[in-house]
Each structure stands twice: as C-alpha cells, then as structure tokens.
Amino acid sequence: MEVVNTLGRRKTAVARVYVSEGKGNITINNRELNEYFPNGTLQYIVKQPLNLLGVAEQYDIKVNLDGGGIKGQAEAVRLGIARAMVEINPEYKPELKHAGFMTRDPREVERKKPGQPKARKRFQFSKR
C-alpha cells in the first residue's frame with residue numbers, strides 16, 4: 001500500500017494527514033500523539049474514526065498541523081483521518097458519515113466590525 005494523504009480543516013486549523021500501513025503509531029509535527037495532545041479527551045477525538053472501524057493498530061499516521069487552537073486541531077486531524085480511511089476503503093464511508101466524521105464543520109469566527117468592540121457587541125448607547 002502506498003501512502004494516502006488527505007486534508008482536514010476546522011476553524012483555522014489545517015491538518016495534512018499521511019496514512020501508511022504500520023503498527024498504529026500516530027505522529028503529529030514529529031511528536032507522539034500523547035505528547036502533542038496530553039489531554040485524554042483530545043486523544044480520543046483524534047482516534048475516533050480508527051476505533052469506530054476497528055483498524056487502530058493497522059496504520060501508521062503522520063500529521064502536519066498548522067494554525068488554530070488545540071480543540072480545532074484535534075477535530076481537523078479527525079476529519080483528515082476519516083477521509084484517508086474512505087480513500088483506503090470506500091466501504092467505510094457510510095459508517096463514518098453516520099457517526100458525523102465526514103462532515104467539515106463550517107462554523108468560523110465572525111469578523112470584528114468597525115465602530116464596534118467585537119463582532120456583535122456594541123458600545124453603550126448614550127441618548128444625551
């Protein structure tokens with residue numbers, strides 16, 4: 001099997017995922033998964049597609065992560081891994097889609113407008 005590469009995005013985080021056959025090692029920016037994401041919840045988010053399909057020990061995954069916060073990065077990696085699994089075996093798609101791992105979350109931060117302190121917040125109105 002050759003290396004399969006996919007892209008996952010969430011908010012401003014971009015994850016370039018490279019999947020090859022192996023022993024289940026996940027490397028993010030040349031660091032181990034549990035070193036890059038010390039929080040167990042974020043590790044769980046990253047591994048969700050692999051655990052759902054039961055192939056966690058069959059593939060080595062190398063990820064280049066860029067931008068965003070830790071939660072957005074973890075969800076970007078999850079999307080990239082899910083897309084890679086579908087590229088490897090298209091029969092995985094219905095299961096991953098039903099779990100919601102194939103959908104790119106479109107929510108982004110709304111921009112700040114001029115004359116306002118934040119995107120929606122207004123300065124206090126004074127009648128006089």
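The dialogue below treats the sheet, the turns, the core and an aromatic pair.

Tutor: Please note that this is a predicted model, in which local features need pLDDT of at least 70, side-chain atom pairs count only at pLDDT 80 or more, and totals for chains, interfaces and linings use all residues. Residues are numbered from 1 along each chain as its sequence is written, and side-chain values use heavy atoms, with hydrogens and water left out.

Student: In what order do the five strands form the open sheet?

Tutor: Strands of a sheet pair through backbone hydrogen bonds, either parallel or antiparallel. Helices (H or I, at least four residues) and strands (E, at least two) are DSSP runs, numbered from the N terminus, and two strands pair if DSSP finds at least two bridges between them. Here the order is 1-2-5-3-4, with mixed pairing. Strand 1 (4-10) and strand 4 (31-32) are the edge strands, each pairing on one side only.

Student: Which helix packs on the sheet?

Tutor: Helix 3 (residues 70-88) does so, touching strand 1, strand 2 (13-21) and strand 5 (59-66); contact means heavy atoms within 4.5 Å. The direction of helix 3 makes about 145° with that of strand 1. Such axes are lines fitted to C-alpha atoms, for helices over the stretch in contact, and angles run from 0 to 180 degrees between N-to-C directions.

Student: How many bridges join strand 1 to strand 2?

Tutor: Seven bridges join these antiparallel strands, and T6 stands opposite V17 in strand 2. On the pairing of strand 2 with strand 5, there are eight bridges, again in the antiparallel sense, with S20 opposite D60 in strand 5. Strand 3 (residues 26-28) is joined to strand 4 by two bridges, also antiparallel, and T27 faces E32 there.

Student: What value does phi of K11 take in the turn of the hairpin?

Tutor: Strand 1 and strand 2 form a hairpin with two residues between them, and K11 in the turn has a positive phi of about 55°. K11 is partly exposed, because its relative accessible area is 45%; buried means under 20% relative accessible area, exposed over 50%, and partly exposed in between (1.4 Å probe, protein chains only). N30, in the loop between strand 3 and strand 4, also has a positive phi, of about 60°, although N30 is not a glycine. N30 is exposed, with a relative accessible area of 67%.

Student: Which residues touch the most other members of the largest nonpolar core?

Tutor: In soluble globular proteins, nonpolar side chains tend to be buried together. A nonpolar core is a set of buried Ala, Val, Leu, Ile, Met, Phe, Trp, Tyr and Cys residues joined through side-chain atoms within 4.5 Å. The largest one has 32 residues, of which F37, M85 and L96 touch the most other members. Helix 3 supplies the largest share of this core, eight residues. Leaving aside neighbours within four places in sequence, the contacts of M85 include V19, L50 and L96.

Student: Why is the pair of Y36 and F37 edge-to-face?

Tutor: Rings of Phe, Tyr and Trp (its six-membered ring) pair if their centres lie within 6.5 Å; planes under 30 degrees apart count as stacked, over 60 as edge-to-face and the rest as tilted. A search of the whole structure finds one aromatic pair. The ring centres of Y36 and F37 are 5.0 Å apart and their planes stand at 90°, so the pair is edge-to-face. Y36 is buried, with a relative accessible area of 15%, and F37 is buried at 0%.
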